[in-house]
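The entries follow the order in which I looked things up.

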Amino acid sequence: MVNATRREFLASSAGVAALGLSGQVAFLSSAEAADLREKGYYSYTVGDIEVTSIYDGVWQNDNFDSIATGIPGDDVRSALARAGQTTDYIPIEFAFTAVKTGGKTILLDAGTGDQLAPTAGLAARGGLEAAGVTPDNVDMVLISHMHPDHIFGLMEKDTNAQVYPNAEILVHEAEYDFWTDPSIIEQLPERRRGLAQRIQATFPTWENVTRFDAKTELAPGVRAVESFGHAPGHVTFHISSGDDQLMLIGDALIVPALFLANLDWQLAFDADKDQASETRKAIVAQAVADNMAIGGYHFGFPNMGKIEKDGASHVFLPATV
Ligand SMILES: [Zn+2]
């Protein structure tokens, strides 16, 4: 699925070691994780590429009975408890990424823009700046898919004005064409119609938007990989430099305590649940087989680490950063 042979993936284990990912990887203590959330970002390198993970807060989702199709809320609570997480709510945490490559600063998704939940939006409320990212120094924004938590950070809350007017914004053509088709609005479930209307009122009027088809390198060492299912044109981002590589999997898999520990569960808000399940399983199989560093948008914070087999199941081991 990416232009790297298995041999190259295995070689990348050395790169994973450089990230503190290979061998005995320990879970971060909850105190360390809390400190990192407080700081709001951490940086590491993938070869020559500088990567910064930016924390954007959490949505305390209480839809226990409707997050996983056909799975009772009690099973969802049990899965959270098994992972040592709160059972007061489902923690849908947000973290997006900035990379510096080829002299450019590139955002991979844009966060919630402080427009989704009072407990989210930290990036727009000073977190991005603290991480050294300002609208003026962003050259490109690559979009994994056009859900609110990934694109609202591109637009101001009340005016829809662009936050990054000088950046090139890149969206996969399947995703862009889906959401900008005027006839899609009435076909969408009620809860998605406002999103489509907002997209149609903004993106087509912006001159800095480019559609891509995932066949080309978007920036030095940065490729999009088609990972459809969660959204019609959802992509993951493959970052590689020298022997190092990292796969930022977007929403192909969210909340590992639920959907990695239970690979057969389906996420209720995946656009195509069967396709999303296939995509998710393929990514997990590849991550395990190739010992690949993985970053997730909804993995908590730190959101980068590795996926390992855990008996009949799998577990995400966040890197100590
Ligand atoms: Zn998302």
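**Entry 1: ground rules.** I noted that this is a predicted model, in which local features need pLDDT of at least 70, side-chain atom pairs count only at pLDDT 80 or more, and totals for chains, interfaces and linings use all residues. Residues are numbered from 1 along each chain as its sequence is written.

**Entry 2: the whole chain.** I looked up the secondary structure and found 10 helices and 14 strands. The radius of gyration of the chain is 18 Å, close to the 20 Å of the globule rule for 321 residues, so the chain is as compact as a globular protein of that length. For reference, this radius is taken over C-alpha atoms, and the globule rule is 2.2 Å times the number of residues to the power 0.38. Helices (H or I, at least four residues) and strands (E, at least two) are DSSP runs, numbered from the N terminus. Along the principal axes, the C-alpha atoms fill a box of roughly 50 × 45 × 35 Å.

I then checked burial, where a residue is buried if 20 or more other C-beta atoms lie within 10 Å of its own, exposed if 12 or fewer, and partly exposed in between, with C-beta atoms placed from the backbone. Of the 321 residues, 46% count as buried. Contacts (C-beta atoms, placed from the backbone, within 7 Å) were next. Among those between residues at least 6 apart in sequence, 68% join residues at least 24 apart.

**Entry 3: backbone exceptions.** I kept in mind that most residues other than glycine have a negative phi, and most peptide bonds are trans. The peptide bond from F301 to P302 is cis, with omega near 5 degrees. P302 sits in the loop between β12 (293-295) and β13 (304-310).

D114, not a glycine, has a positive phi of about 60 degrees. I placed D114 in the loop between β4 (104-108) and α4 (123-130). D114 counts as buried because it has 20 C-beta neighbours inside 10 Å.

V255 also has a positive phi, near 45 degrees. The loop between β11 (244-248) and α9 (256-259) holds V255, which counts as buried with 26 C-beta neighbours inside 10 Å.

**Entry 4: D149.** Which residues does D149 touch, not counting those up to four places away in sequence? I found F94, T112 and L116. D149 belongs to helix α5 (residues 148-151) and, with 25 C-beta neighbours inside 10 Å, counts as buried. I also recorded that D149 and A117, 32 residues apart in sequence, are 10.0 Å apart in space, C-alpha to C-alpha.

Conventions: Contact = placed C-beta atoms within 7 Å.
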